[in-house]
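Have a look at the structure first, then try each task before reading its solution.

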Amino acid sequence: MTPNEQATLLDALLDGDISEADFLRLEAELIVDPEVRKAYYRRLEMDLLLAELASEEQRPSPDRSAAATDRQSGRLRRWAGVLVAIAAALVFIVAMLPSAADRETAERDNENSPAQIRSENEPSATGFAVLSGQTDAVWDGAPIDNGGLLPQGELHLVSGLVHVELFSGVQMVIRGDAVFSIDSPMQVSMQRGSARAHVPEPAQGFRLKTGAGEVIDLGTEFAVEVDEMRSSVKVVDGEVELRPSDSGTRRLRVGEGVELAADGTVTRESVDDIALVGPAAFQDALARRQSGHFRQWQLATEMLRNDPRLMAHYLVDPNQGWSRQLVNRASAASRVNGTAIAGDGAVVAATRTQDRWGRDGGALDFSRMGSRVRVVVPGEHRGLTLMCWVKINSLDRWYNSLFLTDGHEEREPHWQIMNDGRMFFSVKPPNMDDWTQEERERQVFYSPPFWDPSMSGQWTMLATVYDVDQKLVTHYVNGEPISRQSVPEALLVDSIKIGSASICNWSQPMYRSDATFVVRNLNGSVDEFALFSGALSATEILNLYHVGNPNER
């Protein structure tokens, strides 16, 4: 935040007309930056001083006329309004700033880490299209997940089919082996491969460029097949404008097609149909394939119930009437060290939304303030595994809750996501009262950043394993470990307790009597949450991902 922006926001706060978005920005700065707090207090002090001077000026003297007194009374009323606004703003900001008790709790929770990263700029992402589906797709280089932005530059789809949606509204099915680039929302260049494009009316004028020329869509659907020797164009519906590189423009209508040589000369005035399904047919086939995988996941879920390590497994059933109770699907016969499993969850404020399988009402949206699922997990546990499928809209808070015990007392775990995209996990060791801040920070295990705004709205499986025997904390994203950290002997907790806790929010120890709370609800959705007593292996985590991934290839 620049000094000018800071001054503008402070003025808006003191005037009482600050927007919610600007207040959240200023709130973060006030909490972390003592210089911003000093600037705020200086401005507040100046405004109060001016108000006091105005108040003194309005006091009537014996020689003042009634009219003068009325004028001064009017000024008093105006200043009274200003004072009320300032007082309201002060109460508002003080309520949002950490109290002494909050700071003590934050210190215990290691939430004053100097490693915090504050973004100075608006979040941004790069790309002109998203990947909406893929079948047996193999990419040259890193795989691209469904829902992800397609990066700029040359892309190589080695084999398989993909469905691409450009921001202009154009939808394309591309078949590998294909080399292409998405140059803008209105242009794709293709060196090799087959593609079929559906172009809605708002995107008419979309261009597909090849080495032999370019195709300009005039509505609605066309297909191309390109290699080093030739380029074929076939109009499926509507018409296109063809601009070969060596001759003038010509129009092609429904059913018409042309083959061009690499230099742009016309070699054939007609071509056979290009055997490639359109976007709608592709999505229908993908839905049928996903339906089969969904049935496999349901079977695996039934088998998982009997895992003796499973303490809690929460799913939302879209086919049942909605209640505020979330049934724990772990088998009631399961016991861990002779202790009963977790009870059912109580849903607070969260609303139902579409799950990762596309079912309406199969997930819980926690973006509403105060949203959470309240649970009680009894017993003591030698190690812990936490897993959830989550769709993150944005990381609005410093700490975005996944699973937090009500406080952060000895031997209790906390699992959350930092605003810079790192996972946070800690189990508080006993006897920390005399530890230094540096020693306290060692009890927190961060992953590298795994999330950025380009992943907004994507379903992702997260897991963290606290392995007592191996003295290891491992963070997983989509079944793959992204960090492994050793737990120092002095910090190792071999008997973890949970008790009362919240999924996707936090209730401070005094929440029953204090209306002030720290905002920790996750701005996103969860459609599956599991908690295991003990450490799952890397193979087990990967299997959970594969069986639960609706886009499994």
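Predicted model: local features only at pLDDT ≥ 70, side-chain atom pairs only at ≥ 80, totals over all residues.

**Exercise 1.** What percentage of the residues in the protein chain is buried?

*Solution.* Start with the length: the chain has 553 residues. A residue counts as buried when its relative accessible area is under 20%. By that cut-off, 48% of the residues are buried.

**Exercise 2.** Describe the largest cavity and its lining.

*Solution.* Step one is the count: there are three cavities of 30 Å³ or more. Step two is volume: the largest cavity has about 70 Å³. Step three is the lining, which includes Tyr314, Leu326, Phe366 and Ile503, along with Asp527 and Glu528. Sorted by class, the lining has nine nonpolar residues, no polar ones and two charged ones. Finally, strand E26 (residues 524-533) gives the largest share of this lining, with four residues.

**Exercise 3.** Which elements give two or more residues to the lining of the second largest cavity?

*Solution.* This cavity holds about 40 Å³ of space. Among its lining residues are Gly213, Val224, Ser231 and Leu242. The elements to name are strand E6 (213-226) and strand E7 (230-244). By class, the lining divides into five nonpolar, four polar and one charged residues.

Key:
Residues numbered from 1 in each chain as written. Heavy atoms only, no water. 1 Å grid on protein atoms, 1.4 Å probe; cavity = no way out; pocket = protein on both sides within 12 Å on 5 of 7 lines; lining within 4 Å. Points joined across faces, edges and corners; volume = space filled by probe spheres on them. Nonpolar A, V, L, I, M, F, W, Y, C, P; charged D, E, K, R; others polar. Buried < 20%, exposed > 50% of the residue type's maximum accessible area, 1.4 Å probe, protein only.
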